[in-house]
Amino acid sequence: MPSPDMPEVTPCSQQVVLGFDFGSRRIGVAVGQGLTGRATPLRVLPARDGIADWAQFDRLIAEWQPGSLLVGEPLNMDGSASEMTLRARKFANRLRERYRLPVHLVDERLSSFEARGRQLERRRQQRPPRSNEPGIDAQAACLIVETFLHEASMARRQGADINLEQSNG
């Protein structure tokens, strides 16, 4: 049953994007809708030293049929690349090759920090955690999707022609 924090989201096509918060042990997943600009955390998938369980990704892609994929790019605060940045880029390239979909890299500086803050705020408001509540990594993926959708919306307002199905990464 949907709640105000977790609206019911169902698969549809074209303007749907899937976002990933890449990690060496976990990969957070969120879905976003370009038409509404909303994002919802879905789940956290396990990884082994950054290697994804591709069967789980195959199911996600088949279920949601996204027009494009988003991968958080964990840059250092000064904008420079780190080892994790390189690994996230490699993951993005694997997604692009495997699914033949546009893949956008999204600056994710502080997304995990913000996700933890949101989780703490929910707890502060004394909302009991739900057993099906996605983890921090899925919340971080949701922030990645929200960032991308917000930036695309702002660019459209400024007259740029943004296509969620074109890759910039």
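Biologist: How far apart are the end C-alpha atoms of helix 2?
Modeller: They are 25 Å apart. Helix 2 covers residues 83-99, and at 1.5 Å a residue its 17 residues should span 24 Å, so the two values agree. The expected span is 1.5 Å times one less than the number of residues. Helices here are DSSP runs of H or I with at least four residues, strands are runs of E with at least two, and both are numbered from the N terminus.

Biologist: What kind of model is this, and how are things counted?
Modeller: It is a predicted model: local features need pLDDT of at least 70, side-chain atom pairs count only at pLDDT 80 or more, and totals for chains, interfaces and linings use all residues. Residues are numbered from 1 along each chain as its sequence is written, and side-chain values use heavy atoms, leaving out hydrogens and water.

Biologist: Back to helix 2. Which of its residues are buried?
Modeller: Thr85, Ala88, Phe91, Ala92, Leu95 and Tyr99 are buried in helix 2. They cover an arc of only 120° around the axis, so they sit on the same side of helix 2. That arc is taken from the directions from the helix axis to the C-beta atoms. Buried means under 20% relative accessible area, exposed means over 50%, and partly exposed is in between, with a 1.4 Å probe and protein chains only.

Biologist: And what is exposed on the other side?
Modeller: Glu83 and Glu97 are exposed there.

Biologist: What covers the buried residues of helix 2?
Modeller: The cover includes strand 1 (16-21), strand 2, strand 4, helix 1 (54-64), strand 5 (68-73) and strand 6 (103-107).

Biologist: What happens at the start of helix 2?
Modeller: A side-chain oxygen of Ser82 comes within 3.3 Å of the backbone nitrogen of Met84. Just after helix 2, Arg100 takes a positive phi of about 55°.

Biologist: New topic. How do strand 2 and strand 3 pair?
Modeller: Strand 2 (residues 26-33) and strand 3 (residues 38-48) pair in the antiparallel sense over eight bridges. Strands count as paired if DSSP finds at least two bridges between them. Arg26 has Pro46 in strand 3 as its bridge partner. Four residues lie between the strands in this hairpin, and Gly37 takes a positive phi near 75°.

Biologist: Is Asp137 buried or exposed?
Modeller: Asp137 counts as buried, because its relative accessibility is 14%. Asp137 lies in helix 4 (residues 136-157). Leaving aside neighbours within four places in sequence, Asp137 is in contact (heavy atoms within 4.5 Å) with Asp21, Arg26, Gly28 and Val44.

How values were computed:
A polar contact is a pair of N or O atoms within 3.5 Å; within protein, one must be able to donate a hydrogen and the other to accept it, and residues adjacent in sequence count only if both atoms are side-chain atoms.
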